[in-house]
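Hi everyone, thanks for coming. I'd like to walk you through a structure today, so please have a look at it while I talk.

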Amino acid sequence: MATAATEIKVTPEIAAEHGVTREEYARIQKILGRDPNITELGIFSVMWSEHCSYKSSKVHLKRLPTHGKLVVQGPGENAGVVDIGDGLVAAFKIESHNHPSYVEPFQGATTGVGGILRDIFTMGARPIAVLDSLRFGTISPVGAQHVAPQLGNPPPDEATLAANRRILDDVIRGVAHYGNCFGVPTVGGEVCFEPCYSQNPLVNALALGIARKEEIFLAKAKGIGNPVIYVGAKTGRDGIHGASLLASAEFTEESKQKRPNVQVGDPFMEKLLLEACIEAMQTGAVVAIQDMGAAGLTCSTMEMASRGGTGIEIDLAKVPQRESGMTPYEIMLSESQERMLLVAERGREREVLDVFKKWGLDAVVVGTVTEGGIAKVLDGGHVAAEIPAHPLAEEGPIYQRPIAQPPLRRETAADWFVFKAGTTNFTDNFKKLLASPAIASKRWITEQYDTMVRTNTLAGPGASDAAVIRIKDPKTLEVKRALALSTDGNGRWCQLNPRLGAMHAVAEAARNVATSGGRPIAATNCLNFGSPEKPEVMWQFSEAIDGLTVACNELGTPITGGNVSFYNETLGNSIYPTPVIGILGIIDDASQAVKLGFREKGDLIVLLDGAGSAAAGEGHAFVVSRSIPITPAPAIMVVVRTIELSSSAGVLQPVSASDANAAMAIKVRIERA
């Protein structure tokens, strides 16, 4: 039992301030057999937060396909892992950092990139690429004109446009800063603008890494008596309750007060941490490793013990701290960045400590792996917390939230797009498309990223429909294969029909991979939605899950991991349901990667159309006619056929047409020729 004196007596009211309901508090009392102290309450609050526990989404996520012949590690670890041949595996995952990126856009974006990179090298893989999927409120009157009348968004005023531009600028600078300084290329992604993302931007970051199959590491504490080692940056007060009270609640008028909850990143420190971790793993002395991301030291200790079926004991007096007077509550809940927790073989800890000393990083033995399944947190001579690890990490609340389809919109024939060729000025309409921020070139964004560092980028932003990275064997440096990677999502279509919209996201990402010469093999997802406490949001979520399931099964792309981000709403207004999909594909011969740009005069242009006349051009409908396109069923077989075409000797450049359809696709190819 915890014996450390606490200044705050925990009550259901105090628990409610931590986001813990009365029912959840009663469950905590039952697990402990007593009232928790304030440190234990803090630990439960972050571990059982929506962000960490997935308590509203678990029942639906179980429907997703997660198994496949190439899947080495599916959901449940720091990243998904798939076999890419020749003894190599790819670790990849996408996650969100939406709420911090509204409160403090620059730091929110930097730590979003830093966190997903740590997820990759925690698995033992060296990061080789980053992609970002970004969504902002409209940034110009041109972008503000078209969607607001149809889907219920009020036209933004100039102050809102200016605020959106500031958030956009800070987020882009944050993504560029961390990736460029860390030394990983940002090779692709997408940027979209809609009124619903004002005051609630979406910042989704995907990272990809490569390792030898036998060198993958897991976050499972094993070996009774093995030392637990804290490595990396010192612990401060930044990020406290970032997961439980910032990322697990909607924005209100008081959101600006949450600025201290945003973590501060240091990409140079993380680069040192990467090299030190990889080198320490190669000694053979590391048994398990876990990133201190959301919920910090709490999450790493409790999850490692639970996954390993062991207990763990740590002493907070030994934790390196950069601020004086930190309480056990603050140390356990801090989300300071660039930190890891390792388990080493007993008797070999000196090998690990010496590696981190070489790289100038803190490395301290702070505890041991124990038997009995209890996580004990000491603070010098006092017990600050004593909690059964498995009930905390794996037996938290699971909610079957109410689901209700929202009322159907009242529509007239004037709402829907009808193409009238006889009265259309194609040149003027095409110019309007090109002027829309959602469709216009994003070169002014991507030129801020270092896309060529490490010299493995075969196709960066704008060079192909997907990013293409050549694969070097980590030991021989031989190049044979390449990987194609694309992120896609369509909030508009999901707002109209979340099931079909989610299917379209999978199909579009897979098409992009296929038209770059790749064979899609696996997926990762980032599911961005409003409050799960609203039945209509949970209906959207459930429908999107079903759409993802159908499309991924059809294409044979199991989902290896990802992230759910709820509470994306401000003052009660939800964003569009926005599932973002990352598709990974293999190009067996790196020299056969397909880029944009026409090659030879006289080559034929063929349109492969699986939707027929039912599908209006989405970009044209919204931007030019200010109406709603019919949401067609995604033509999955078009993706399959494109994969076949990509490997055909006579087909030089299969390309994907999306927002503005064939016209925009041809325009881009002319630019790149």
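Predicted model: local features only at pLDDT ≥ 70, side-chain atom pairs only at ≥ 80, totals over all residues.

Okay, D86 has 46% relative accessibility, so it counts as partly exposed. You'll find D86 in the loop between β2, residues 80–85, and β3, residues 88–96.

D86 isn't a glycine, and still its phi is positive, about 60°. Y54 does that too: a positive phi of about 60°, and not a glycine either. Y54 sits in the loop between α4 (50–53) and α5 (58–61). And how accessible is Y54? Its relative accessibility is 19%, and the cut-off for buried is under 20%, so Y54 counts as buried.

Next, some rings. How many aromatic pairs does the structure hold? Five. Let me show you two of them. F529 and F541 pair edge-to-face, with 5.1 Å from centre to centre and 75° between the planes. F529 is in the loop between β17 (519–528) and α21 (535–555), while F541 is in helix α21 itself, so this pair ties together parts 12 residues apart in sequence. Both of these residues, F529 and F541, are buried.

F541 also pairs with F566: the ring centres are 5.1 Å apart and the planes are at 50°, so we call that pair tilted. F566 comes from the loop between β18 (559–565) and β19 (569–570), so here the parts being tied together are 25 residues apart in sequence.

While we're on rings, have a look at W48. The charged end of R27 sits over its ring, 6.0 Å from the centre.

Last stop: two helices, α7 (residues 105–122) and α10 (residues 158–182). Their axes come within 7 Å and cross at roughly 35°, and the crossing is right-handed. Who makes the contact? On the α7 side the residues include F106, V113 and L117, and on the α10 side they include I167, V171 and Y178. Sorted by class, the contact has 11 nonpolar, five polar and four charged residues.

Key:
Residues numbered from 1 in each chain as written. Heavy atoms only, no water. Axes fitted to C-alpha atoms, helices over the stretch in contact; angles between N-to-C directions. Helix = DSSP H or I, 4+ residues; strand = E, 2+ residues; numbered from the N terminus. Left-handed = near helix turned anticlockwise from the far one by under 90°. Contact = heavy atoms within 4.5 Å. Nonpolar A, V, L, I, M, F, W, Y, C, P; charged D, E, K, R; others polar. Phe/Tyr/Trp six-rings, centres within 6.5 Å; stacked < 30°, edge-to-face > 60°. Buried < 20%, exposed > 50% of the residue type's maximum accessible area, 1.4 Å probe, protein only. Lys NZ or Arg CZ within 6 Å of the ring centre and 35° of its normal.
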